[in-house]
Amino acid sequence: MTTPSTPPAEPPAEPPAGSRAARLRQPLARHVLEAVAAENGVCIRPLAMRRVDMVTGETEIIPMACGATLASKCPPCAERARKLRMAQCKAGWHLDDEPLPDPDPPTDDAKTLVQLRADLEAVRTDAVTGHDVDQIGEVDDLISQVDAALADLGVRGKTAPDNRDRPRRTRSTKRRQDAPDLPRLPVDRRTVGRTFTGSDGMVWRPSMFLTLTCDSYGRVTSEGTPVDPDGYDYRRAARDAIHFPKLVDRFWQNLRRAVGYDVQYFACLEPQRRLAPHLHAAMRGTIPRVLLRQVAAASYHQVWWPACDRPIYAPDRLPVWDDDTGGYTDPDSGAPLPTWDEALDAIGDDVEPVHVVRFGVQVRADGVTANDRNTGRLIGYLTKYLTKSLDTCHNIATDAQRAHVDRLADALRYEPCSPGCANWLRYGVQPKNPRGGLVPGRCKGKVHRRETLGFGGRRVLVSRKWSGKTLADHKEDRKTWIREQLAVLGHTGTGDTGDGGQGAAPDRVVWQLLRPGDPATPRREHLLLRAVADRHRWRAQLDAARGDPHPVSATDPSMPRAA
């Protein structure tokens, strides 16, 4: 018996001309403008900046990029920020020399001031012993002047902290019995990795691409949803996501102690399909994979907080703010709730921590060399999700995936995120530095937002000595490179010609941000049109300079061509 074939589906009929459906299919002019701006790499949410030339008095309003890092806000700015991070990652991954030089030796003037600072400290100690309040105030003023003089000489930091009485709550640093021991070596002041010599005499200095993730909270399907939603440990998943940055910091600390040098890294955080935190890191130097797995297994972070497993107050019966005492009280008895410090003092020495964060068994490390053709691909893989919020990194298409996100977001809603979180009221503890109006479940902390999935820290984690430059330095390097390319093409303007351009002297031009209520602020659409026109004009000038064998200076059109 032959099965009849299914006829192909007919395309939907075109709506009749002039109908409402036909009008709705016509693109909006604003959307067309944003599409053109995005294609040209122009910010779609420009800021209005007033540029004032202090010499000529000329005033001009110029559109400036918003600088957003998420594509949901501004795709061109987010992509520009991602490429800047890629350049930062590439700059420090395979360095042969130390990126930062040793500090300069202190000058004689600086030594003299520090000696004076030490004498003043001794005088202040005597004044405190003699309870001479007036002399203490005078000495403190002199100490402030000496610290300011040291700063003027280029000395970083202060010789001593301003806060003299800083009580510090400490816990035992003894390692947990269930954590393996780690080797410990004195850490050298080097950041570059070892070199290896091949059989042909070639010297290699490889680096690594490292991947770390959190532990399992229950079996999941291929689409990242729990096999048994009721048995999935959402509370532990929420707490791991909140405290994951501290676990990462502890891992790098343990790794440096284990290998004996200052390991440098460029790491990005992203969620796995099961929404657990997932860390990719470009790491300078090479380390045995066995040691990396050993350090990951032995790294943990203990959370010493008051008990927050069982809520004491229901949403319809919450603690009440008392203006007289400046704290929260029980809604029935009126007794004040324990303060944050009192709750911490009540934690005994034999009590286990509220939570312990650990890595999972999935630890992957791949070797990479500077001339490896996969280096660029790995950098792109490392930064691929930087333009997206954490809840949109993976496509949420099924009902099971949406329910999984909802359950995790609900667990994060009432989980305390910091000592000042409003959720502590639900567990009978006053938050640190309390104020009126706090409601459990409505904390404004970043970790409680659905788009962060519990991670409130920075998406990009870069060690201090990665490239020897800050992100602003890398941005300035890109500007310098553009100026050099323009100079090669004949655009050699220095800003001295009175054009009021961005290359003008810093003390000559003043920039002011126009607020939305300012009557001089133009409409966003007009700013966007101006930005697109400027980008077209600059590109036309650059193309003309590239095609002209005798380019003319952009700052002086009347300048004769070189012979």
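Predicted model: local features only at pLDDT ≥ 70, side-chain atom pairs only at ≥ 80, totals over all residues.
Student: With which residue does Arg 524 form a salt bridge?

Tutor: General idea first. Side chains of opposite charge can pair when their charged atoms come close. The test here is a side-chain nitrogen of Lys or Arg within 4 Å of a carboxyl oxygen of Asp or Glu. The partner of Arg 524 is Glu 34, and their closest N and O atoms are 2.8 Å apart. This pair links distant parts of the chain: Glu 34 sits in helix 2 (residues 29-39), Arg 524 in helix 12 (residues 524-547), and 490 residues separate them. Glu 34 counts as buried because its relative accessibility is 19%.

Student: How many salt bridges does the structure hold?

Tutor: There are 27. One of them joins the side chains of Asp 406 and Arg 450, at 2.7 Å from N to O. Asp 406 belongs to helix 10 and Arg 450 to the loop between helix 10 and strand 13, so this pair too links distant parts of the chain, 44 residues apart. Asp 406 is partly exposed at 40% relative accessibility. Arg 450 is also partly exposed, at 36%. Elsewhere, bridges with shared partners join Arg 51, Glu 60, Arg 530, Asp 534 and Arg 537 into one network.

Student: What is the N to O distance between Arg 189 and Asp 102?

Tutor: Their side chains meet in a salt bridge at 3.8 Å. Arg 189 lies in the loop between helix 5 (133-152) and strand 3 (196-197), and Asp 102 in the loop between helix 3 and helix 4 (108-129), so the bridge ties together parts that are 87 residues apart in sequence. Arg 189 is exposed at 70% relative accessibility. Asp 102 is exposed at 58%.

Student: How many helices and strands does the protein have?

Tutor: Helices (H or I, at least four residues) and strands (E, at least two) are DSSP runs, numbered from the N terminus. The protein has twelve helices and 14 strands. Its C-alpha atoms fill a box of roughly 100 × 80 × 75 Å along the principal axes. Of its 563 residues, 36% count as buried.

Student: Which residues touch the most other members of the largest nonpolar core?

Tutor: A nonpolar core is a set of buried Ala, Val, Leu, Ile, Met, Phe, Trp, Tyr and Cys residues, joined through side-chain atoms within 4.5 Å. The largest one has 60 residues, and Leu 210, Phe 244, Phe 251, Trp 252, Leu 255 and Ile 287 touch the most other members. Elements that each supply at least two residues include strand 5 (207-213), helix 6 (234-259) and helix 10 (399-413). Helix 6 gives the most, with twelve residues.

Student: Which residues form the positive surface patch?

Tutor: Patches use residues with over 30% relative accessible area and no salt bridge; like charges are joined within 9 Å, nonpolar side chains (Val, Leu, Ile, Met, Phe, Trp, Tyr) within 5 Å. Lys and Arg count as positive, Asp and Glu as negative; His and the chain ends are not counted. Each charge is placed at NZ of Lys, CZ of Arg, CG of Asp or CD of Glu. Arg 45, Lys 73, Lys 446 and Arg 449 form the positive patch. Lys 73 lies in the loop between strand 2 (59-64) and helix 3 (75-93), and is partly exposed at 48% relative accessible area.

Student: Which residues form a nonpolar patch on the surface?

Tutor: Phe 196, Met 202 and Trp 204 do, with about 270 Å² of accessible area together. Trp 204 is in strand 4 (residues 203-204) and is partly exposed at 35%.

Student: What is the phi of Leu 275?

Tutor: Phi is near 75°, a positive value in a residue other than glycine. Leu 275 lies in the loop between strand 6 and strand 7, and is buried at 9% relative accessible area. Asn 433, not a glycine either, has a positive phi of about 55°. Asn 433 is exposed at 63% relative accessibility.

Technical notes
Residues numbered from 1 in each chain as written. Heavy atoms only, no water. Areas by Shrake-Rupley, 256 points an atom, 1.4 Å probe, with all protein chains shown as cover. Buried < 20%, exposed > 50% of the residue type's maximum accessible area, 1.4 Å probe, protein only.
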